[in-house]
Amino acid sequence: VLKMSSLVSVTKEDWTFRDISTKEYTHGFHQYPARMHPEIAKRLIEKYAIKSSDIVFDPFMGSGGVLVESMLHGNNSVGIDLNPFAVLLATVKTTPLDAAKLETTFNQIILDSKKDKKNKIEYDNAPNFLPKKPKEKSLKFWYQDDALRDLQILKNHVFLTKDKKTRDFFKICFSLATRKVSFQKNSIYKIYRMKPDKRELFKPNVLDEFSKICKNNIKNMNEFSNTLGTNYSKATPILGNTFAAPELLDGKKPTLVVTSPPYGDHGTTVAYGQFSRHPGMWLELEDSDELFAVDTNGLGGQKKKSIEDLHSETLDKTLKKIKKKDSQVPKEKTHANRTADVYSFFYDLDKCFDKISQVLKPKQSHCCFVVANRTVRREKIPTDVICVELAKKYGFKHVDTIYRTIANKAMSLKNAP
C-alpha cells in the first residue's frame with residue numbers, strides 16, 4: 001500500500017509559516033508562480049525521508065524548491081517538469097557554486113558592460129516576442145530604449161561566460177533583471193503591461209538592478225554551499241512529462257513524493273507558460289517548442305472530447321453542478337464549457353497518479369500532495385477529496401488531510417470563470 005499523507009489533521013503545529021522567509025538559500029533566486037512554501041517541503045521531508053538512502057520525488061517540480069530542501073536534508077531527489085525554464089531554474093538552484101568565483105565573474109560582467117556602454121557599443125541579441133510583427137515594435141512595447149540597449153549589452157557578457165554552471169547562474173540573474181526592468185506588471189504572473197501613467201514614471205537602471213540581483217543570489221548561494229559542505233546529495237531535475245515518469249526515472253525508486261500540482265488548467269488558473277515565455281526567449285532556451293507549449297501540455301491543457309468515469313463520486317457531483325451552470329452561459333462565450341476544462345484537468349491528474357504509483361517503492365512510501373480547492377462557476381471544487389478518491393484505485397491509502405491558511409493570499413472570486 002502506498003500511503004497518501006498530509007500529517008494528522010488535529011496537529012497543533014503551525015502550517016501557515018507566516019513569519020518564515022520563502023527566500024532563504026537558493027529559494028529566492030527568481031520569481032516563479034505558485035511556489036510551495038519551503039517549510040512545507042522541509043517538514044514533510046524531515047518526517048518521511050527518515051533514511052539517507054530515501055529518494056524524494058517531485059512530479060510537478062516547478063522551480064525546484066522540494067529538491068533544494070531534499071539536498072539540505074541529505075537526500076537524493078528527482079523532479080520532473082515540462083517547462084524548460086523551470087528545469088533551468090531548478091538546476092541552478094540545486095547546483096552549489098563557489099561564491100568567490102561567482103563574485104569574480106560578476107565583477108568582470110559589470111566591468112565589460114560598463115565599458116561597452118561608455119563606448120556606445122550596441123548589440124542585437126534581444127528576442128522577437130511576436131515573430132509576426134516587427135521586432136523593434138514588440139520590444140518597444142515592453143522596454144524603454146535605454147533599458148533595451150543595456151539589457152543587450154549585459155546579455156552579451158553573461159553569454160560569454162565560459163563555465164556552463166556559472167553561465168547558467170548568471171542567466172537566471174539576467175532573466176530576473178529582464179522582468180524587473182520591463183513594462184510588465186511584476187505583481188502578477190500573466191503577461192500584462194503597466195498603465196501609461198506608470199510607464200511614464202518608470203525609469204529603471206538595468207546595471208543597478210542586475211547588480212542587486214547578483215549580489216543577493218551570490219550571498220544566498222554562499223549560504224547554501226556552506227550549509228551543504230563538500231559531500232552533498234544529488235538533485236536531478238528532468239525536462240519531461242509525468243505521464244512518462246517510469247521511463248524518466250529509469251529504475252530510481254523513490255519512497256517519498258512531495259509535490260504541489262497545478263490548481264487547474266493553465267488557461268484559467270496559473271499560466272506557468274505565459275510567465276516563462278519572455279525569460280525563456282531572452283535566454284535562447286534550446287527547448288523552445290516545449291517552452292511555447294507549456295500551457296497546452298500541462299494538466300488539462302488539451303480538452304477531452306468525452307467524459308469517462310474516473311471513479312470519483314465527488315468529481316461526478318461537482319461536474320454535474322458545473323454542467324448545470326454551463327447550460328446558462330451562451331455557447332459563443334469564452335470558457336463556455338467549464339465542465340470539460342475541469343474534467344480534462346482531473347483526467348490528466350488521474351493518469352499522473354497511475355504513473356507515480358508505478359515508480360514508488362510499494363509498502364514503504366508516502367505521497368504528500370499540496371493542493372488548493374478552487375472555484376469554477378462559483379462552485380467549490382474539493383480537490384483534496386477528489387485526489388483521495390482518484391488515487392485509491394492505484395493502491396494509495398489515505399492517511400489524513402491537513403488544512404492550511406495561506407498568508408497574504410488574495411483570490412478573486414468575482415473574476416473566476
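The following dialogue explains how several descriptions of this predicted model follow from their definitions.

Reader: What should I know about the model and its numbering?

Author: This is a predicted model, in which local features need pLDDT of at least 70 and side-chain atom pairs count only at pLDDT 80 or more, while totals for chains, interfaces and linings use all residues. Residues are numbered from 1 along each chain as its sequence is written, and side-chain values use heavy atoms, with hydrogens and water left out.

Reader: How many helices and strands does the protein chain have, and what makes a run count as one?

Author: The protein chain has 16 helices and nine strands. Helices (H or I, at least four residues) and strands (E, at least two) are DSSP runs, numbered from the N terminus.

Reader: How do you know whether the radius of gyration agrees with that of a compact globule?

Author: The radius of gyration is taken over C-alpha atoms, and the globule rule is 2.2 Å times the number of residues to the power 0.38. For 417 residues the rule gives a value near 22 Å, and the protein chain has 22 Å, so the two agree. Along the principal axes, the C-alpha atoms fill a box of roughly 70 × 60 × 40 Å.

Reader: Why is Arg-377 called buried?

Author: Buried means under 20% relative accessible area, exposed over 50%, and partly exposed in between (1.4 Å probe, protein chains only). Arg-377 has a relative accessible area of 13%, and therefore counts as buried. Arg-377 is in the loop between β7 (375–376) and β8 (379–380), and its phi is near 55°, a positive value in a residue other than glycine. Over the whole protein chain, 54% of the 417 residues count as buried.

Reader: Why is Lys-120 called exposed?

Author: The relative accessibility of Lys-120 is 72%, which lies over the limit of 50%, so the residue counts as exposed. Lys-120 is placed in the loop between α4 (99–118) and α5 (135–142). Its phi, too, is a positive value near 55° in a residue other than glycine.

Reader: What makes Glu-247 an exposed residue, and where is it found?

Author: Glu-247 has a relative accessible area of 57%, over the 50% limit, and is therefore exposed. Glu-247 is found in helix α10 (residues 245–249).

Reader: Why does Tyr-403 count as exposed?

Author: At 62% relative accessibility, Tyr-403 is over 50% and so counts as exposed. Tyr-403 is in the segment after β9 (396–398). From C-alpha to C-alpha, Tyr-403 and Thr-16 are 9.7 Å apart in space, while 387 residues separate them in sequence.

Reader: Why is Thr-314 called buried, and which residues is it in contact with?

Author: Thr-314, in helix α14 (residues 313–326), has a relative accessibility of 18%; this is under 20%, so Thr-314 counts as buried. Contact means heavy atoms within 4.5 Å. Leaving aside neighbours within four places in sequence, Thr-314 is in contact with Pro-382, Val-385, Ile-386 and Glu-389.

Reader: What makes helix α16 mostly covered?

Author: Seven of the ten residues of α16 (residues 383–392) are buried. Among them are Ile-386, Val-388 and Leu-390.

Reader: How do you know that β3 and β4 pair?

Author: Two strands pair if DSSP finds at least two bridges between them. Strand β3 (residues 77–81) is joined to β4 by five bridges, so the pair meets this requirement, and the strands run parallel. Val-78 stands opposite Thr-236 in β4. Strand β4 (residues 235–239) is itself mostly covered, with four of its five residues buried.

Reader: Which way do the residues of β5 point?

Author: In a regular strand the side chains alternate between the two faces of the sheet. In β5 (residues 256–259), Leu-256 and Val-258 point one way and Val-257 and Thr-259 the other way, and all are buried.
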